[in-house]
Amino acid sequence: MAIKVPHRAFDDIYLGSRYQSSTTDGRILEIYSPHTKQIQADKYQRAEAGDMATIEELSPVSVRPPEDEIDDDEDEDLDETLTERLWGLTEMFPDTVRSAAEVSAVCSVSLAKKIYSFSRAALWVGTTSFMILVLPVVFETERLQLEQQQLQQQRQILLGPNTGMSAGMPGMMPPAPGKI
Amino acid sequence: MGSVLAASSPNPPPPATGGTAASGLTVPPGFGMPSVSPVISPTGAALGQQETENPLPNPGAFDECHRKCKEVFPMQMEGVRLVVNKGLSNHFQVNHNVMLSTMGDSTYRFGATYVGSKQTGPAELFPVMVGDMDNSGSLNAQIIHQITKRIRSKVAFQTQQNKFVNWQGDAEFRGEDFTATVTLGNPDVLVGSGIVVTHYLQSITPALALGGELVYHHRPGEEGTVMSFVGRYTGNNYIATLTLGSAGAHASYYHKANDQLQVGVELEASSRMQDTSVSFGYQLDMPKANLLFKGSIDSNWVVGATLEKKLLPLPLSLVLCTFLNHSKNKFQCGFGATIG
């Protein structure tokens, strides 16, 4: 028995493209895109469950307009991390600003590295050169000063507090304990 | 013993002249051995010696002018060195030299110095004979003699084990205000090779002396000449010298800041090796602390210092030397003790 389906109902509901073909017994058989399989399934269910002659209005299937479907699918597929989203925000600046910022950032990083390595090398060179060129003289002059001070102190102790400050070995004083 | 010690320096620096690098001869100061083969060694300026003394004074030997500046610089040494000097009599002195080295061979040298009895000045006695022998049999010997009042002559030879490496003779004539020297180096009559070096130095004013050097070398099939000019200006506490030649330029400036501090600056430009170097050196002399400190810093990133200390109750003196090359990151240190 051919099922006669009023053509109109499908026109109201279904907005997408569809293909039509007719069978030999006049039954309109519509080949739907996958979206409309649900419609077909519902229709047949109702046709089985209720009256064959009339088709009640199809309950609205949760038909989503294609844009929403596309959007939902995109939301599910896109997997952006937080940094990528923040980086994407920078795309709002004009190109000159972006390139200037990039150049200055790169330059300051490399400059900081150069300054760091230069200061390391300079510190090492300065310290070792000071050690070699200056330190022995400093040690010796300090030792000389200390010795002279001690001599003078001993001379003061021995000869009284008014002894003049003169360098040189005093003849009267016993020689200082050998500090060579 | 005093005269022997006066005529020969107890702590001789190894001669820095070009051809005799291996000799380590104990040379009395003022008797520098002129470089025999300046063609082989890069700078002909090693022979630039000059001295000025009195009004239109005799300018002295040709090598002396750069010598005063070079003496300010520390001498590089490495390893351990022990020197024992013993004076046997007024005329004769003997020294033993043990050098333990970290990069090279350790050697023992025995040296003897004989000083004659002909006296020409307060500290100069002639003839002077200095000889040195190595543990491997290498011999260095020098004989210096004052032939007449104005002519002084020197004969020197050097062997490496049993082969003669250097033999030379020279004669120096000191006029009123000029000095002329002729040196004949490695003359070989059989092969027909030899080197002749002539120096001439003339005092122009009491402070200024100009001179020149001519080197002629001859080998079978090859001969050549190298010429250089020397100018030296002496101020009241400084000496500035310039040597210009085909082998390059050498300028030195010596300044005596005070009793304790002497400073030298040296610039060497070599046309053969196409490089220049500037060195700055200073010498700090503190007789109260029995200390002699020399430091130098170079444009090749070399920093070095030498500390010499006399430990006085004993006739003992200690030498510590460090050299650091920053660009190659190489360090060298040496230690020496001199007894007697």
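Colleague: How many aromatic pairs does a search of the whole structure find over all chains?

Modeller: This is a predicted model, and the search finds 7 aromatic pairs over all chains.

Colleague: Let's take B:F173 and B:F178. What makes the pair tilted?

Modeller: The ring centres of B:F173 and B:F178 are 5.9 Å apart, and rings pair if their centres lie within 6.5 Å. Their planes meet at 35 degrees; under 30 would be stacked and over 60 edge-to-face, so this pair is tilted.

Colleague: Why is B:F173 called partly exposed?

Modeller: Its relative accessible area is 32%. Buried means under 20% and exposed over 50%, so B:F173 is partly exposed. B:F178, at 22%, is partly exposed too. Together with B:Y200, B:F173 and B:F178 form one aromatic cluster.

Colleague: And why is the pair of B:F280 and B:Y282 called tilted?

Modeller: Here the centres lie 6.4 Å apart, with the planes at 40 degrees. That angle falls between the cut-offs of 30 and 60 degrees, so B:F280 and B:Y282 make a tilted pair.

Colleague: What share of chain B counts as buried?

Modeller: Of its 340 residues, 46% do. Chain B has 2 helices and 19 strands.

Technical notes: Residues numbered from 1 in each chain as written. Chains lettered and ligands numbered in written order. Predicted model: local features only at pLDDT ≥ 70, side-chain atom pairs only at ≥ 80, totals over all residues. Heavy atoms only, no water. Helix = DSSP H or I, 4+ residues; strand = E, 2+ residues; numbered from the N terminus. Buried < 20%, exposed > 50% of the residue type's maximum accessible area, 1.4 Å probe, protein only. Phe/Tyr/Trp six-rings, centres within 6.5 Å; stacked < 30°, edge-to-face > 60°.
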